[in-house]
Amino acid sequence: MSDSAEIPEALVKALREASRVCVLTGAGVSAESGVPTFREAQTGLWEQYRPESLATMDAFLADPAFVWKWYRWRRELVAKTEPNPGHLALAELEERYEDFTLVTQNVDRLHRAAGSRNVIEFHGDLFADICIAGCADPAANDDEIPFCNHCGNFLRPGVVWFGEAIPQEALYRSSEAAERCDVMLCIGTSSQVYPAAGLSGLARQNGAVTVEINPEPTGGPEFNFVIAGPSGLILPELISSLEQ
Ligand code: BJW
């Protein structure tokens with residue numbers, strides 16, 4: 001991998017002229033912080049465990065202790081990580097625009113830790129506990145399978161599993177941001193999981209310039225620009241190009 005990236009001049013121009021920017025991030029943005037991605041060989045979390053055995057309500061109800069063990073392992077891993085230059089560059093990019101929305105599929109809180117402000121956590125928050133019966137304000141305990149103090153039902157991690165709806169406000173705000181933006185950046189996502197993967201098409205249909213940043217580009221036909229490389233390298237280069 002080269003240690004510098006070529007940022008297309010036409011993209012720099014589009015970003016300089018843009019008033020509204022929307023960014024969609026996926027697991028690849030946190031890879032350089034040491035958070036494993038979901039679908040990559042060797043490091044991917046799904047290589048060790050099948051998604052259907054962990055990230056669905058059916059799987060949870062079948063074996064809540066097993067699913068909780070996996071989430072606790074991930075909480076411990078993520079708690080030791082820090083934002084990388086890609087996260088920091090996105091926080092810096094936000095400062096250039098009045099209308100800037102960062103939609104993240106990541107549940108690791110690293111964008112907020114980097115200083116990003118207008119963040120939509122599309123798939124929830126790894127560190128939140130919620131009650132499966134929907135009680136407000138559940139208090140977690142240290143049980144292997146924590147219970148809700150109000151109703152006695154199981155608590156579960158506050159993330160969005162397969163087959164579950166994206167929280168209404170997150171979906172609405174993200175779709176609006178994709179529809180109205182001048183430029184949309186899709187960074188570090190395999191674009192396999194919907195409805196998040198549909199946001200770039202929505203942006204393009206509404207006239208935005210669309211950009212993919214990924215060391216292994218997805219080949220999505222909706223992208224005007226594709227920059228092949230790691231976000232921790234490309235995003236700081238992008239900021240430098242805007243400053244020149
Ligand atoms: C780098 C890099 C570096 C590496 N720099 N890059 C339409 C069509 C088909 C199916 C569906 C559809 N609509 C809905 C569905 C069903 C389903 C779905 O999409 N299935 C597909 C898999 C086929 N979607 C759902 O079920 C969603 N719910 C829904 O639609 O509900 C409808 C409904 C309505 C009303 C009532 C009820 C229901 C929910 C999806 C939830 C996804 N949840 C997960 C787990 C979250 C919890 C947890 O963390 O445990 O979210 S799955 C997992 O995938 C996680 C991620 O956010 C998500 C996306 O993965 P991501 O981020 O793209 O990661 P990877 O690993 O796939 O890719 C990493 C990329 O990084 C790679 O490309 C690398 O090259 C790159 N990379 N290093 C930059 N340094």
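Predicted model: local features only at pLDDT ≥ 70, side-chain atom pairs only at ≥ 80, totals over all residues.
**Entry 1: domains and ligand**

Domain 1 (9-34 + 83-123 + 166-243) and domain 2 (36-80 + 126-159) both give residues to the shell around the ligand, so the ligand lies between them. The domain bounds come from an automatic or database assignment.

I noted the ground rules: residues are numbered from 1 along each chain as its sequence is written. Local features need pLDDT of at least 70 and side-chain atom pairs count only at pLDDT 80 or more, while totals for chains, interfaces and linings use all residues; side-chain values use heavy atoms, with hydrogens and water left out.

**Entry 2: the shell**

I found 35 residues surrounding the ligand (a heavy atom within 4 Å counts as near). The closest are Tyr71, Arg74, Glu164, Thr189 and Ser190. I sorted the shell into 17 nonpolar, 12 polar and six charged residues (Ala, Val, Leu, Ile, Met, Phe, Trp, Tyr, Cys and Pro are nonpolar; Asp, Glu, Lys and Arg are charged; the others, Gly among them, are polar).

I then checked the helices (DSSP runs of H or I, at least four residues; strands are runs of E, at least two). Helix 2 (28-31) and helix 5 (64-79) each supply at least two shell residues. Helix 5 gives the most, with three.

**Entry 3: backbone contacts**

I looked for polar contacts (N or O pairs within 3.5 Å). Ligand oxygen atoms lie 2.8 Å from a backbone N or O atom of alanine 27, 2.8 Å from a polar backbone atom of phenylalanine 38 and 3.0 Å from one of glutamine 105. Taken alone the ligand exposes 1,500 Å², and the protein buries 74% of that (Shrake-Rupley method, 1.4 Å probe).

**Entry 4: backbone exceptions**

Most residues other than glycine have a negative phi, and most peptide bonds are trans. I noted that the bond from tyrosine 194 to proline 195 is cis, with omega near 5 degrees. Proline 195 lies in the loop between strand 6 (183-187) and helix 9 (199-205). Arginine 109 has a positive phi, near 65 degrees, and lies in the loop between strand 2 (99-104) and helix 7 (110-114).

Methods: Polar contact = N/O pair within 3.5 Å; in protein donor to acceptor, adjacent residues only side chain to side chain.
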